[in-house]
Amino acid sequence: MNIYLREMKAHRTGLIWWCIGMVGLVASGMAKYDAYQAAGVSVQEMMAGMPKAVLTVFGMTGFDLTKASGFYGVLFLYIGLMAAIHAALLGSHLVSKEERDRTSEFLYAKPVSRNHALTSKLLAGLTMLVIFNLATLLSSFYFVNLFGQGESVGADIRILMMGLFLMQLIFFTIGTAVAGVIRKPKAAPSIAMSIMFTAFLVSYLVNMSENLQFLKYLSPFKYYDAAVLMADGRLDPVYVALSVGIVALAVLGTYRFYSARDLSV
Amino acid sequence: MNVFLRELSAYRKSTIIWCASLSAILIVFMALYPAFTSDVAATKQVLGQFPEALRTALNISLSDFFTIYGFYGYLLNFAILAGAIQAMNLGTGIISKEVAGKTADFLLSKPMTRGRVVSAKLAAAFTIIVITNVVFCGVSYLAALMVATETFAIGTLLLLASTMFLVQLVFLALGALFAVLIPKIKSVIAVSMPAVFTLYIVGTLGDVLGNDKVRYMSPFKFYDTAYIIKNVGLEGKFIALEAAIIIVAIAASYVIYIKKDVRASA
């Protein structure tokens with residue numbers, strides 16, 4: 001419990017800034033929608049016939065930009081990107097920070113096992129992911145309703161936020177697993193970030209070419225594609241199963257490797 | 001000179017990894033170019049039916065978009081995003097690592113002014129950025145040679161590639177400024193990633209909406225590829241803006257670092 005509280009406190013300021021950032025992202029994004037609407041630009045019907053490649057370039061595949069929900073769908077890509085950065089950094093920092101700050105000797109001289117410390121850290125991380133998600137969820141509800149002109153978007157936002165949470169879990173546990181395996185504490189966050197960035201690039205590659213569809217399983221950004229989620233109104237069970245599998249494997253890996261390796265002191 | 005050489009060798013491995021990753025991004029995307037061009041004719045026909053106003057609003061000029069320049073300009077977005085992370089990491093890390101690594105009192109007790117320390121470190125960072133860009137331009141040219149279906153002007157391509165360098169310089173300067181402003185940086189990447197991606201999202205959302213004012217707020221949008229392809233030149237006002245940002249950020253870094261209370265390691 002001490003370690004849990006200690007971690008919550010250590011990450012408090014950072015988490016507050018992240019939440020402010022997410023509220024700001026949703027608010028400014030939806031405010032732009034308002035301006036866009038006010039300007040009376042109605043390009044939707046003309047866009048319907050646009051080729052996929054061109055729409056991809058502008059990040060607008062499959063959305064009705066005249067509606068607040070469609071606009072929010074475009075925004076969701078960036079919400080997901082920020083959430084992934086937050087989750088991967090959080091996971092890798094939580095596990096690697098004791099070694100980085102040379103406090104692992106202090107921590108493990110206490111009567112706690114590595115598994116116990118790790119469990120506390122993972123729970124603290126999980127709590128922070130939930131807080132992050134709630135901040136995004138509530139600000140999304142508020143701002144989409146504010147600018148939405150009475151359009152009902154509750155269901156869309158709920159499904160997107162469920163997807164977002166699974167995506168956060170994936171990147172969080174990838175972060176912890178990397179930090180659990182890698183012996184150099186400073187390299188762990190960088191490696192977690194490069195995995196995240198590669199996944200981001202792969203999602204664009206998949207959008208660009210029909211021939212690369214098989215790559216979509218490699219990128220969690222594609223598992224929870226806003227256009228698909230909003231059209232189907234539910235999460236794809238294949239991707240949910242895949243996500244749960246990745247998370248389970250990563251958590252298992254974190255425990256196995258972290259409790260078995262030499263800590264660098 | 002010692003500090004300069006020390007930093008170059010300290011960053012050697014990371015520079016090699018960055019050059020390799022940037023080249024990989026280039027090559028993977030460029031390899032898609034043939035697939036992308038295969039249905040050009042059909043796409044052009046569809047696009048041609050749109051009213052002129054819409055096409056300009058979306059900033060697509062038909063002739064450019066499917067050329068090697070247009071395609072390269074598109075993938076450049078991602079390469080520049082990665083490059084910005086490198087530059088910001090470098091700028092923040094090279095200044096803040098003495099405090100984080102508890103070597104600040106070792107370095108600053110040497111017979112060397114703080115101003116010179118900063119100069120040597122920034123010169124090293126600048127050199128690393130130059131090296132990265134030389135590699136990047138070279139790989140760009142070779143990749144374009146391999147996939148291009150028609151001959152292309154090397155000047156335009158290299159001018160496009162040079163925007164990477166210009167954007168990296170902005171982020172290098174911003175990174176140095178962040179390093180002296182934030183009191184205790186334990187993890188460089190936790191500072192640089194949110195900063196880079198915030199500016200990236202600001203720029204891209206502005207793009208989706210066709211909002212021109214946003215261009216002044218995000219370094220990613222300073223150099224418009226369509227403009228470069230058309231005019232084979234950069235927009236003067238953005239170069240001036242960039243120069244102003246860099247001068248202010250670097251000057252502020254010097255002033256603050258020279259006066260600041262650097263934490264001793266004890």
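## Close-up views

At 1% relative accessibility, A:Lys121 counts as buried; buried means under 20% relative accessible area, exposed over 50% and partly exposed in between, with a 1.4 Å probe and protein chains only. The model is predicted: local features need pLDDT of at least 70 and side-chain atom pairs count only at pLDDT 80 or more, whereas totals for chains, interfaces and linings use all residues, and side-chain values rest on heavy atoms, without hydrogens and water. Residues are numbered from 1 along each chain as its sequence is written, while chains are lettered from A and ligands numbered from 1 in the order in which they are written. A:Glu7, at 2% relative accessibility, is also buried. A salt bridge (a side-chain nitrogen of Lys or Arg within 4 Å of a carboxyl oxygen of Asp or Glu) joins A:Glu7 to A:Lys121, with 2.7 Å from N to O. The pair links distant parts of the chain, 114 residues apart: A:Glu7 belongs to helix α1 (residues 2-10) of chain A and A:Lys121 to helix α7 (residues 114-147) of chain A. Helices (H or I, at least four residues) and strands (E, at least two) are DSSP runs numbered from the N terminus.

B:Lys186 forms a salt bridge with A:Asp101, the closest N and O atoms lying 3.4 Å apart. B:Lys186 sits in the loop between α10 (154-181) and α11 (188-209) of chain B, and A:Asp101 in the loop between α5 (68-100) and α6 (104-108) of chain A, so the pair joins two chains. B:Lys186 is partly exposed at 46% relative accessibility, and A:Asp101 is partly exposed at 25%.

The side chains of A:Lys222 and A:Asp225 form a salt bridge of 2.8 Å, N to O. A:Lys222 is buried, its relative accessible area being 13%. Elsewhere, salt bridges that share partners connect A:Glu7, A:Lys97, A:Glu98 and A:Lys121 into one network.

**Aromatic pairs in chain A.** Over all chains there are 22 aromatic pairs; rings of Phe, Tyr and Trp (its six-membered ring) pair if their centres lie within 6.5 Å, and planes under 30 degrees apart count as stacked, over 60 as edge-to-face and the rest as tilted. The rings of A:Phe171 and A:Phe221 have centres 5.4 Å apart and planes at 40°, so this pair is tilted. A:Phe171, in helix α8 (residues 154-181) of chain A, and A:Phe221, in helix α10 (residues 220-223) of chain A, are 50 residues apart; both are buried. For A:Tyr223 and A:Tyr239, the centres are 5.0 Å apart and the planes at 15°, so the pair is stacked. A:Tyr223 is in helix α10 of chain A and A:Tyr239 in helix α12 (residues 237-260) of chain A, 16 residues apart. Both A:Tyr223 and A:Tyr239 are buried. Ring pairs also link residues of both chains into a cluster, among them A:Phe171, A:Phe221, B:Phe29 and B:Phe171.

**Helix α10 of chain B.** Of the 28 residues of α10(B), 20 are buried, so the helix is largely enclosed by the rest of the structure. From its first C-alpha to its last, α10(B) reaches 41 Å, close to the 40 Å expected at 1.5 Å a residue; the expected span is 1.5 Å times one less than the number of residues.
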